[in-house]
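Work through the exercises below with the sequence and the coordinates open. Each task is followed by its solution in steps.

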Amino acid sequence: MSAVQEWRPLVVTPTDAGVEATAAGLIRYLRDRTDLDQLLVDEKALVFRGFGVDEAHLEPVMDLLLPGRLAYVHGNSPRTKVGDNLYTSTEYPPEYTISMHNELSYAHAYPSRLMFSCQLAAETGGATPLVDGTRWLDALDDELIDAFSGGVRYLQNLHGGMGLGKSWQDTFETSDRDDVERFLAASEASVEWREDGGLRIVQLRPATIKHPQTNAEVWFNQADQWHPAGLGDETAQALAQIMPAEELPQAVTLADGSPIPDEWAVQIRDRGLESAVDVEWVTGDVLLIDNLLVGHGRRPFTGKRRVLVAMSA
């Protein structure tokens with residue numbers, strides 16, 4: 001394993017930007033900054049702090065940070081749409097850690113950028129950990145990396161309105177089967193409509209990718225999150241013991257169908273978290289990340305917490 005330099009996101013304050021400490025100040029800074037795209041590639045993640053961006057002033061900020069915002073189509077985590085391609089962050093019970101991942105890395109169409117907006121910081125905890133994808137890859141055992149060299153096989157069983165997990169209607173934000181099939185046509189996925197109205201999708205995806213600008217190779221898959229041992233969720237583990245893997249809401253294997261050992265799923269999860277740095281939220285913060293170079297997660301929290309998320313190609 002090669003040594004990977006320690007990394008942290010760049011924090012930009014009104015003083016750094018030379019503008020007033022308001023949402024309007026941030027908008028002016030973003031409009032004037034002609035090298036923002038390159039800055040994001042160089043720094044991998046940017047935290048805009050001290051501008052007090054509330055939900056009422058978020059739209060023009062998103063327009064500048066995320067040209068051509070995407071809908072959260074084919075997403076597997078529960079969230080609520082609150083605006084024009086603007087969503088709540090994962091509505092997962094606050095007592096759980098959400099492990100590191102790159103958004104939609106299991107799908108054929110994934111965003112290149114994510115923006116998080118903290119509208120209300122948690123009473124305690126609730127940080128968003130970020131991990132440099134090269135550091136995560138470097139932290140894994142060579143044996144594991146070699147086994148994943150052929151890629152990852154993802155299986156989804158989406159119900160048609162009642163059942164375990166998400167429905168295909170919620171997943172693809174449509175009730176039209178033709179829309180779903182058109183979306184999946186480019187993915188080379190295996191698509192099967194079930195007699196009970198559900199949908200089964202099988203996809204082969206790479207375990208690592210290279211960034212198109214930096215050529216850096218990064219760990220880029222969600223094998224641990226689709227694996228019962230990686231979830232740290234007793235309910236998921238119990239389901240895996242009583243149901244065949246092919247019938248679970250989601251399951252994962254190596255590309256050739258070989259099972260992924262529990263200890264590998266745990267290694268991926270734990271070393272990603274161990275390699276991460278935490279963004280401790282302040283209400284009004286905006287965080288922009290390169291979704292290919294940086295994975296993200298969530299620490300447990302208490303009290304109310306409202307973090308919104310949007311993404312772009």
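This is a predicted model: local features need pLDDT of at least 70, side-chain atom pairs count only at pLDDT 80 or more; totals for chains, interfaces and linings use all residues.

**Exercise 1.** Locate Tyr 72 and decide whether Tyr 72 is buried or exposed.

Solution. Start with the chain: Tyr 72 sits in the loop between α4 (58-65) and β3 (81-83). Next, take the relative accessible area of Tyr 72, which is 3%. Buried means under 20%, so Tyr 72 is buried. Finally, look for a partner: the side chain of Tyr 72 has a polar contact with the side chain of Glu 103, at 3.4 Å.

**Exercise 2.** Find which residue Arg 113 pairs with in a salt bridge, and state which elements the pair links.

Solution. The partner of Arg 113 is Asp 37, with an N to O distance of 2.4 Å. This pair links distant parts of the chain: Arg 113 belongs to strand β6 (residues 113-120) and Asp 37 to helix α3 (residues 36-43), 76 residues apart. Arg 113 has 11% relative accessibility and therefore counts as buried.

**Exercise 3.** Classify both residues of the salt bridge between Asp 63 and Arg 69, then name the network they belong to.

Solution. The closest N and O atoms of Asp 63 and Arg 69 are 3.2 Å apart. Asp 63, at 45% relative accessible area, is partly exposed. Arg 69, at 14%, is buried. The salt-bridge network consists of Glu 59, Asp 63, Arg 69 and Asp 84.

**Exercise 4.** How many salt bridges does the model contain?

Solution. The count is 17. One of them joins Arg 28 and Glu 20, with closest N and O atoms 2.8 Å apart.

Notes
Residues are numbered from 1 along each chain as its sequence is written. Side-chain values use heavy atoms; hydrogens and water are left out. Helices (H or I, at least four residues) and strands (E, at least two) are DSSP runs, numbered from the N terminus. Buried means under 20% relative accessible area, exposed over 50%, partly exposed in between (1.4 Å probe, protein chains only). A polar contact is a pair of N or O atoms within 3.5 Å; within protein, one must be able to donate a hydrogen and the other to accept it, and residues adjacent in sequence count only if both atoms are side-chain atoms. A salt bridge is a side-chain nitrogen of Lys or Arg within 4 Å of a carboxyl oxygen of Asp or Glu.
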